[in-house]
Amino acid sequence: MKKIGFAAALAIVAGVATAQDAPAGDAANGETLFGRQCVSCHSAVNAEGEVVAGRGAKTGPNLFGLMGRVIGSLDGFRYGESLLAVAATEATWDETAFVAYVQDPTDWLRTTLGDARARSKMAFKVRAPEDADDIWAYLAAFTDEE
């Protein structure tokens with residue numbers, strides 16, 4: 001897949017919506033929020049190695065193809081124990097999980113696993129649920145599905 005523009009990425013989301021519910025958020029605002037809140041740790045890099053969102057940061061996992069991916073399953077990334085425990089359940093990223101996770105990663109892990117000692121390596125929190133929805137809508141555009 002070649003580097004895709006934002007408008008093309010949104011068109012792809014329309015096709016993906018048949019398999020999953022269309023994201024509730026505003027992808028254009030999500031792009032702005034991603035640029036302010038996420039790019040210091042994350043990027044979206046396609047299979048050809050092209051950075052389609054962000055600046056190539058590698059502190060956090062690659063967010064390209066996040067929609068529907070098994071949580072904590074990206075090859076080559078060193079996830080924390082708690083996220084790996086979620087991965088063992090084969091739960092996948094959807095809007096509900098993503099929005100809850102980015103608002104309070106540790107609390108989401110504790111609730112999901114039923115383990116008060118669960119911890120997240122991600123310290124940042126997206127404060128507003130609508131901002132988390134918007135970021136999800138933006139990231140949902142970056143997929144290999146057509």
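How many helices and strands are there in the protein? Colour the model, which is a predicted one, by secondary structure: the protein has 6 helices and 2 strands. Followed from the N terminus, the order of the elements is α-α-β-β-α-α-α-α.

**The whole protein**

Of the 146 residues, 40% are buried. Among contacts with a separation of 6 or more, 52% join residues 24 or more positions apart.

**Helices H4 and H5**

Now select residues 95–103, which form helix H4, and residues 105–113, which form helix H5. How do these two helices pack? Their axes are 5 Å apart and meet at an angle of about 125°, so H4 is oblique to H5. Show the side chains where they touch. On H4 these are Ala97, Ala100, Tyr101, Val102 and Gln103; on H5 they are Pro105, Trp108 and Leu109. Coloured by class, this contact has 7 nonpolar residues, 1 polar residue and no charged ones.

Keep H4 selected and look for its buried residues, which are Glu95, Ala97, Phe98, Val99, Tyr101 and Val102. What covers them? The cover includes helix H3 (81–87), H5 and helix H6 (129–139).

Next, zoom in on the start of H4 and select aspartate 94 and threonine 96. A side-chain oxygen of aspartate 94 comes to within 3.2 Å of the backbone nitrogen of threonine 96.

**Histidine 42**

Move to the loop that runs between helix H2 (27–37) and strand E1 (44–45), and select histidine 42 there. Is histidine 42 buried or exposed? Its relative accessible area is 12%, and under 20% counts as buried, so histidine 42 is buried.

To see what surrounds histidine 42, leave aside residues up to four places away in sequence and show Phe34, Gly54, Ala57, Gly60, Pro61, Leu63 and Met122, which it touches. Two of these deserve a separate look. Draw a distance from the C-alpha of histidine 42 to the C-alpha of glycine 60: the two residues are 18 apart in sequence, and the distance reads 5.1 Å. Then select proline 61, whose backbone oxygen lies 2.9 Å from a polar side-chain atom of histidine 42.

Conventions. Residues are numbered from 1 along each chain as its sequence is written. This is a predicted model: local features need pLDDT of at least 70, side-chain atom pairs count only at pLDDT 80 or more; totals for chains, interfaces and linings use all residues. Side-chain values use heavy atoms; hydrogens and water are left out. Helices (H or I, at least four residues) and strands (E, at least two) are DSSP runs, numbered from the N terminus. Buried means under 20% relative accessible area, exposed over 50%, partly exposed in between (1.4 Å probe, protein chains only). Contact means heavy atoms within 4.5 Å. Axes are lines fitted to C-alpha atoms, for helices over the stretch in contact, and angles run from 0 to 180 degrees between N-to-C directions. Angles under 35 degrees count as roughly parallel, over 145 as roughly antiparallel, 65 to 115 as roughly perpendicular and the rest as oblique. Ala, Val, Leu, Ile, Met, Phe, Trp, Tyr, Cys and Pro count as nonpolar, Asp, Glu, Lys and Arg as charged, and the others, Gly among them, as polar. A polar contact is a pair of N or O atoms within 3.5 Å; within protein, one must be able to donate a hydrogen and the other to accept it, and residues adjacent in sequence count only if both atoms are side-chain atoms.
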